[in-house]
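This report goes through one protein chain for a reader who has not seen it before. Please look over the sequence and the structure first.

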Amino acid sequence: MKGNKPLTIVIKLGTSSIVDEKTHEPLLPILTLIVDTAVKLRKDGHRVVIVSSGAIGVGLRRMDVEKRPKHLAQLQALAAIGQCRLISLWDSLFNHLRQPVAQILLTRNDIADRTRYHNAQNTFNALLEQGVIPIVNENDTLAVAEIKFGDNDTLSAITAAMIHADMLFLMTDVDCLYDKNPRTNPDAQPIEVVDDISALQADVSSAGSSLGTGGMSTKIIAARLGTSAGVTTIIAKSSNPGNVLNIVRYLQAKRKPSSSSSPSAEDHGEESLSRSTSSLKLSTPPSSEDLSVPLHTRFLPSEDPIRDRHFWLLHTPNPHGTLYIDSGAHKALIGKAGLLPVGVVDVKGNFAQQEVVRLVVVQRRRSPGPNGKLWENPEEVGRAIVNYAAAEISRIKGHQSVDIQDILGYADSEYVVHRQHVGFFRRESRPVTPTREINQAIVE
Ligand SMILES: Nc1ncnc2c1ncn2[C@@H]1O[C@H](COP(=O)(O)OP(=O)(O)O)[C@@H](O)[C@H]1O
Ligand SMILES: N[C@@H](CCC(=O)OP(=O)(O)O)C(=O)O
């Protein structure tokens, strides 16, 4: 597409798009069309990454097991068997069109360390620069709860943010997000454009297909992560993957030729879209009015994205503990000062220096509350890398920095946290259940 900027596009396929829900046979027509679409996107000059679920589903078929086992070791064994078949299937399908692919298997631990995160980023870039399509999955064989992304929707959003993707497609077995589950509610209404995800009103509480992990709720979490990192996130139906091409071309046509990869003001002003699933034959770049797009949900990207170091800090490592800080310390951090020990009210967890912790703002109390604490109303606001270990912060909390030397016998820094090691959540990208998590920490 002459005149259009090449985009980086991540396409995530859920298990429901890769294997038949009942027979667990691979859905070859869908896989073939995805391959065709990805190669067309490459021909249009775009960089393409596929996040493919399905290892466990393919493993079930391979071993003639009917039901997803509950036991972790059995699941991990099935994933190992299935991943091998899955990647060879992708490789052979892409090979027909002489498109090289690469397998990348990740756990959260692999990128929780900043240097390893950079290594992963460099590998993706090296592959994409050579025109290779990386095919990503969670490394299920190694991942246990503590080091798991947990679902591939989240993995795909973190991948999209890591490689500064322009678009993330979450391909699934429904056309789009509805106001309630369309499987059980025939009157469910489609939601086409979401410009403020924190104000989204949709019931996503019911589970999805029997093999899928998160249903629609993990797609909303992925959309929160993706859009906060500046990635336009799209939910679309996988049974017609050609739609990806139509949507990409439509969105490109909406942009002015001079626009950059970051979202333009135009991308945020939405007009109603005409729809059809017919394929498009394009010889010259069309205008958006010439194009029709299939039903999908589009989550618009933040105009002020969180990227790189801050995104990594907020969303990649699992926090090792919690620092409870008062509102004065919170204000100082917002005003770009570091966190002094005097502003720390409480400490939870057993973390070491330079590990990542949750930052929770609390209100101080004059006397202990019902839980015996001298604070109340906890609200998680961000993440930070600490200069001191948990046991040390417990001793210096509430004190002036000049006292650190006397209390600990040494003073590495006047700050518990340096300002550049703090990341604050945006309203739209906060953890979905912060209060429950924090209250749980209080009860423990
Ligand atoms: N509000 C909703 N809108 C659309 N789908 C929903 C909604 N709530 C729940 N779902 C369910 O989510 C399913 C997709 O999730 P899932 O089966 O986990 O897909 P995948 O395997 O593609 O990740 C749909 O089939 C649908 O039943
Ligand atoms: N990593 C797992 C899939 C996990 C997952 O998130 O599945 P899904 O909800 O279908 O995207 C597998 O390959 O079987």
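## Terms and overview

A residue is called buried when its relative accessible area is under 20%, exposed when that area is over 50%, and partly exposed in between. The model described here is predicted.

The chain has 444 residues, of which 54% count as buried. It contains 15 helices and 13 strands. Among contacts with a separation of 6 or more, 75% are between residues 24 or more positions apart.

## An aromatic pair

Tyr-388 has 0% relative accessibility, under the 20% limit, and therefore counts as buried. Tyr-410 has 28% relative accessibility and so counts as partly exposed.

Across the whole structure, a search finds three aromatic pairs. In one of them, the ring centres of Tyr-388 and Tyr-410 are 6.5 Å apart and the ring planes stand at 35 degrees, so this pair is tilted. Tyr-388 sits in the loop between β12 (375-385) and α13 (390-396), while Tyr-410 sits in the loop between α14 (404-408) and β13 (422-424), so the pair ties together parts that are 22 residues apart in sequence.

## The annotated span 321-417

UniProt, in an unreviewed entry, lists residues 321-417 as "domain: PUA". In the model, this span is 21% helix and 32% strand, and the C-alpha atoms at its ends lie 14 Å apart.

## The open sheet

Which strands form the open sheet, and in what order? The order is β10-β9-β11-β12-β13, five strands with mixed pairing. At the edges are β10 (344-349) and β13, each of which pairs on one side only. From one strand to the next, the twist averages 35 degrees.

Within this sheet, strand β11 (residues 356-364) runs antiparallel to β12, and eight bridges join the two. Helix α11 (residues 308-315) lies across β11, β12 and β13. The direction of α11 is at about 130 degrees to that of β12.

Is strand β5 (residues 167-172) mostly covered or mostly open? It is mostly covered, with six of its six residues buried. Met-167, Phe-169 and Met-171 are buried on one side of β5, and Leu-168, Leu-170 and Thr-172 are buried on the other, which leaves both faces covered.

β5 pairs with strand β1 (residues 8-13) in the parallel sense, over five bridges. In that pairing, Ile-9 has Met-167 of β5 as its bridge partner. β5 also runs parallel to strand β7 (residues 232-237), to which six bridges join it. Here Leu-168 has Thr-233 in β7 as its bridge partner.

## Two packed helices

Two packed helices are described by the angle between their axes and by the distance between those axes. For helix α3 (residues 55-62) and helix α4 (residues 72-96), the angle is about 90 degrees and the axes are 6 Å apart. That angle makes α3 roughly perpendicular to α4.

Which residues of α3 and α4 meet? From α3 they are Ala-55, Ile-56, Val-58, Gly-59, Leu-60 and Arg-62. From α4 they are Leu-75, Leu-78, Ala-79, Ile-81, Gly-82, Gln-83, Arg-85 and Leu-86.

Key. Residues are numbered from 1 along each chain as its sequence is written. Chains are lettered from A and ligands numbered from 1 in the order in which they are written. This is a predicted model: local features need pLDDT of at least 70, side-chain atom pairs count only at pLDDT 80 or more; totals for chains, interfaces and linings use all residues. Side-chain values use heavy atoms; hydrogens and water are left out. Rings of Phe, Tyr and Trp (its six-membered ring) pair if their centres lie within 6.5 Å; planes under 30 degrees apart count as stacked, over 60 as edge-to-face and the rest as tilted. Helices (H or I, at least four residues) and strands (E, at least two) are DSSP runs, numbered from the N terminus. Buried means under 20% relative accessible area, exposed over 50%, partly exposed in between (1.4 Å probe, protein chains only). UniProt positions are given in the numbering used here, feature names are shortened, and annotations may be inferred rather than shown by experiment. Two strands pair if DSSP finds at least two bridges between them. Axes are lines fitted to C-alpha atoms, for helices over the stretch in contact, and angles run from 0 to 180 degrees between N-to-C directions. Contact means heavy atoms within 4.5 Å. Angles under 35 degrees count as roughly parallel, over 145 as roughly antiparallel, 65 to 115 as roughly perpendicular and the rest as oblique.
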